[in-house]
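Please keep the sequence and the structure in view while reading.

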Amino acid sequence: WADSSADNTNLKQILDFDFSKLDYFLISLFALLSLIGLLVLTTASVHFSDSLYGNPTHILNKQLFHLFLGFFLLITIFLIPLTFWEQFDRWLLALGILLLILVFIPGVGVEVNGANRWIRIFGFSLQPSEIMKFLIILYISAYCVRRSDEVRSDLLSFVRPSVLLVSIISLILIQPDLGTSAVIFASALGVLFVAGVPNRQFFVVFLIGLLGIALLIAYVPWRWERIISFVDPWSDPFNKGYQLTLSLMSIGRGDWFGVGLGESLMKMGYLPDAHTDFIFSILIEELGLLAGILIISMLFGISFRVFLIGRQSLQRRNYFGFFFCFGAAILIGLHVFINVGVATGLLPTKGLTLPLFSAGGTNLLIMCSIIGLILRIDYENKISMPIPRVKKRVNF
């Protein structure tokens, strides 16, 4: 009888769901970018997919599978109350750390081009560092809610998550993956900053992080070569500056309106990683600079919308929602900024995907998970008690 009563309660909650309180602007923007991303990925990957797998749609089929799985994950996460994430954030983070360790275990971890970033479970490949992007923001957000007063006043309460963050980033750097480490570091520090960490402590950790990244670049020869080639890629266009020069040539061919969908020349084996890290170059080449600007505006539009939902969460005193939205918006914005900056030669070459466009199943699943949780935050904001509006008395 008790189980039957619980099932009836859950059914009633589903039937009482208020669809009018969904953020249809964010949903529409996310769905539209997902469809455009599939179209761009299809044309960018067809030659590579055919030459490597003997099937022009192999990469597209994998991306479609992950997109459908991601939509299912988005809906599932949306239906879970926020209290669940606040209660089980530490267990989820522990699972993420375990996955990071598994990449170094022979037989489980998969090495690609000298990097240990993937694990294979039940025939599926996962990239734990991508999963950690979601989990670290989740954990830091819940931690700042639990320790809201201590974080602002107690040094130990700030040092504890900082040490954990450094440990996680160290595991990712060993893989090695400097780009993901930098994005996770910036997103987590952003959450701690808005949580009220004293400026002195914040800037000490920030400077230590910058110093660590600078040392990793200076003392690793191939990373330093990337910096040098970024400054003047045309000085060595057939070696160190090869990717960037081809990327710039691809963008130059596109001009304002592009050469036409499917007509890219650089994707025909000339530009490496044309369907992943440099997919933005192919987008510009085929659709033109105006289309590229529109795509960038839409991607940053998601980030700004998430900031807005975070601001509304703060007004509703939903502090977990505020912290998570702020960290997620930084994460999405940094991905777009770095990927486009690398493709256009504004930043050193670094392998970060363009959200919803680049091939990569784990990144797509994490993007769907983030959007699902943000939609849940927005929904709980709207169904909460209204904020009382008290008019200020007139003084005569």
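How many helices and strands does the chain have? The chain, seen here as a predicted model, has 15 helices and 3 strands. Of its 396 residues, 46% are buried. Among contacts with a separation of 6 or more, 71% are between residues 24 or more positions apart.

**Helix H3**

- Helix H3 covers residues 58–79, which is 22 residues.
- From its first C-alpha to its last, H3 reaches 32 Å, close to the 32 Å expected at 1.5 Å a residue.
- The buried residues of H3 are Ile-59, Leu-60, Gln-63, His-66, Leu-67, Gly-70, Leu-74, Ile-77 and Phe-78.
- Viewed down the axis of H3, these buried residues fall within an arc of 120°, so they line one face of the helix.
- An α-helix has 3.6 residues a turn, so residues three or four places apart point the same way.
- The face turned away from the buried side of H3 carries the exposed residues Phe-68, Phe-72 and Leu-79.
- The cover over the buried residues of H3 includes helix H2 (24–53), helix H4 (82–102) and helix H15 (361–383).

**Packing of H2 and H3**

- The axes of H2 and H3 come within 6 Å and cross at roughly 150°.
- This crossing angle makes H2 roughly antiparallel to H3.
- On the H2 side, the contact is made by Phe-30, Ser-34, Leu-38, Leu-41, Thr-42, Ser-45, Phe-48, Ser-49 and Tyr-53.
- On the H3 side, the contact is made by His-58, Ile-59, Leu-60, Gln-63, Leu-64, Leu-67, Phe-71 and Leu-74.
- By class, the contact of H2 with H3 has 11 nonpolar, 6 polar and no charged residues.

**Phe-88 in helix H4**

- Phe-88 lies in helix H4 and counts as partly exposed, because its relative accessibility is 35%.
- Phe-88 and Tyr-139 are 51 residues apart along the chain, and their C-alpha atoms are separated by 8.9 Å.

**Packing of H12 and H13**

- The axes of helix H12 (residues 279–287) and helix H13 (residues 289–315) come within 7 Å and cross at roughly 135°.
- This angle makes H12 oblique to H13.
- H12 contributes Phe-280, Leu-283, Ile-284 and Leu-287 to the contact, while H13 contributes Leu-289, Ala-291, Gly-292, Ile-295 and Ile-296.
- By class, the contact of H12 with H13 has 8 nonpolar, 1 polar and no charged residues.

Terms used. Residues are numbered from 1 along each chain as its sequence is written. This is a predicted model: local features need pLDDT of at least 70, side-chain atom pairs count only at pLDDT 80 or more; totals for chains, interfaces and linings use all residues. Side-chain values use heavy atoms; hydrogens and water are left out. Helices (H or I, at least four residues) and strands (E, at least two) are DSSP runs, numbered from the N terminus. The expected span of a helix is 1.5 Å times one less than its number of residues. Buried means under 20% relative accessible area, exposed over 50%, partly exposed in between (1.4 Å probe, protein chains only). The arc is that of the directions from the helix axis to the C-beta atoms. Contact means heavy atoms within 4.5 Å. Axes are lines fitted to C-alpha atoms, for helices over the stretch in contact, and angles run from 0 to 180 degrees between N-to-C directions. Angles under 35 degrees count as roughly parallel, over 145 as roughly antiparallel, 65 to 115 as roughly perpendicular and the rest as oblique. Ala, Val, Leu, Ile, Met, Phe, Trp, Tyr, Cys and Pro count as nonpolar, Asp, Glu, Lys and Arg as charged, and the others, Gly among them, as polar.
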